[in-house]
Amino acid sequence: MIRTVTRGALAVPLALACAAALAQPVQTIYVGGDILTMKGSKPAYAQALAIRDGRIAAVGARDAVMRLKGPATEVIDLKGRTLLPGFIDTHGHMVYFGKNPMDADLFGARDVADLLARMKAHVPKVPEGAWIVGFGYGARSLKEGRAPTIEELDAVSADRPVLIVDSSGHLGSANSAAYRAAGIDASTPDPEGGSFARKADGRSLAGPLEETALNALRRRRPPFTGELADRVAIEAARLWMSYGQTTAMDCGVGLGDDDVDLVRNAIDRQLLPIDLYVCSKDSTVDAVAKAAAEVRRDYADAPTGRIEARQGAIVDRARSAGGGARERLLAARADLDTRYVNRVRLGGIKFWLDGSLDTAWFTQPYSTNPPGKAGTYSGFRQIPDEVVEAAFDRYWTSGVQINLHMNGDAAVEQALRAIERAIARHGRADHRPVFVHGTYMRSDQIERMKAVGAVPSFLTSSIVTGGDAVVKMWGRERAYRSLAANTLARKGLPFTFSHDAPVSPQPWILALVDAGVNRTTASGQVVGPAERVSPYVALQAVTSMAAYQIKEEGTKGTLEPGKLADLVILGANPLKVPPRTIKDIPVLETVKEGRVVWKAGR
């Protein structure tokens, strides 16, 4: 948007300067396909889009846009393909995911024997001194209906730490060496909001662990350094881009002790071709804030540079200087957003109020208990009220967003009480607290959420993988009213779709759109047909509403003049294909600020 200065004679020179800028040739013009702007409540198309210096210079009728063409302008024929705003990740774990190539793939494990075989086959691939880690199994999906025991994991390795984490990231199991490395033994009490499974004697460690207990052990994994640290950022970013994302997120930095160092490495070595919005884990917020302050101090007077890439390998633009100092370079930003330093922005804090589908915190008991849970079971709280309330006291009027993980309505209630208290104490603010997942919210809670300006981020792909289990465990009423996208759409409330990768297990976007439109489980059951949304609304949840959630709607989320030229090119238009095939549309190119950062087949 062009701002006009209205004081005296300044208005005329500024207007002339703006007119001169519009008359300058552009670097790139796109024509020949569906250019879906995502502006407004109904689909709107343009015939052409022009880019100048990383921003959208014009979007509209072909003849008008082509007037900006100069001798060096590249005119790109979309050849019937579809151009959209770049997709925005509103809840993922890119840094955490970047470590996954080092881990055994446990997705689809049939039984404990299959899982153990995969872990044993993975051992030779793990460098000496590193933990043997696997990710992606589901205890409910194993034939035994349970996680492996400490003895079974000791058979993978008796002297090296072995850790497995389920696909939700909230449950796991470990061997004896991993518990020893973490300083945890039979005398260690269960942390609040988590537990170590015990044997029949009620004391000895059985292997499985959940929630905050898992976090306590997971944080002791040895750090990634050197080339491995570089690969975390480079390979994760490449995967995010392959799904059309121009803004990524890691909402939970601090799950690993080396997370802050990995982010700092990505900043100093300019490893990221796309933006990364970072949220600190609640327990590491002070450490992350300190690191962020150090970054801003170090880069306060840094000369402006540009990221260079060659065959996907990042050229280091921050080489070591004498005496251990660094030659700082600041990547130029077309939007001049000073919240970002070399494409990284500290945007918020993440609190886990409850757990996964098996440990969600409800006001009413589960209809059918998850495996291993006896008696009346309603999940459990992870964080005391006073901790959440203190966070809102500290950050409500700041630019730091609070992200609150919640699946059950008791967790939603805890969040709403804390926000309502903050408003009573500090007044209203444009905070936009994020209800991560917001899976089951009662009708009264949705009205209160509207009043406090919260934005839920729905993990719609969980319907495909977990919808059948949710109907069984939570009961039909709660399951059918979960992820209430259409209810919010009818009320005109913002919401987003997120993948929570590696939970999904991929950072896909069109799969989220597909799931929000169809709400169909792996067995073919439609869970909550009344909460299905149109393909256009589903696309808004990963573009325009996603930009709103992260407070960047001024520069991202729609194709409008002045906004960043963050784009994705698809092989087909999601609004013009059978709804069940949206997830199958290929991403062909991802463009960040006018530069192609990913292209299929390249």
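Contact here means heavy atoms within 4.5 Å. I'm working from a predicted model: local features need pLDDT of at least 70, side-chain atom pairs count only at pLDDT 80 or more, and totals for chains, interfaces and linings use all residues. Residues are numbered from 1 along each chain as its sequence is written, and side-chain values use heavy atoms, with hydrogens and water left out.

**Sheet.** I looked up the strands first, taking helices (H or I, at least four residues) and strands (E, at least two) as DSSP runs numbered from the N terminus. Two strands pair if DSSP finds at least two bridges between them. I found an open, mixed sheet of six strands, ordered β7-β8-β9-β10-β12-β11. Its edges are β7 (104-105) and β11 (194-198), each pairing on one side only. β7 runs parallel to β8 (residues 132-137) over two bridges, and A104 sits opposite G134 in β8.

**Helix on the sheet.** Next I checked α4 (residues 112-122), which lies across β7, β8 and β9 (162-166), at about 145 degrees to β8. Axes are lines fitted to C-alpha atoms, for helices over the stretch in contact, with angles from 0 to 180 degrees between N-to-C directions.

**Rings.** Which kind of aromatic pair do Y179 and F196 make? Rings of Phe, Tyr and Trp (its six-membered ring) pair if their centres lie within 6.5 Å; planes under 30 degrees apart are stacked, over 60 edge-to-face, the rest tilted. With centres 6.2 Å apart and planes at 70 degrees, Y179 and F196 are therefore edge-to-face. I see Y179 in helix α6 (residues 176-181) and F196 in strand β11, 17 residues apart. Both Y179 and F196 are buried (under 20% relative accessible area, 1.4 Å probe, protein chains only; exposed is over 50%, partly exposed in between).
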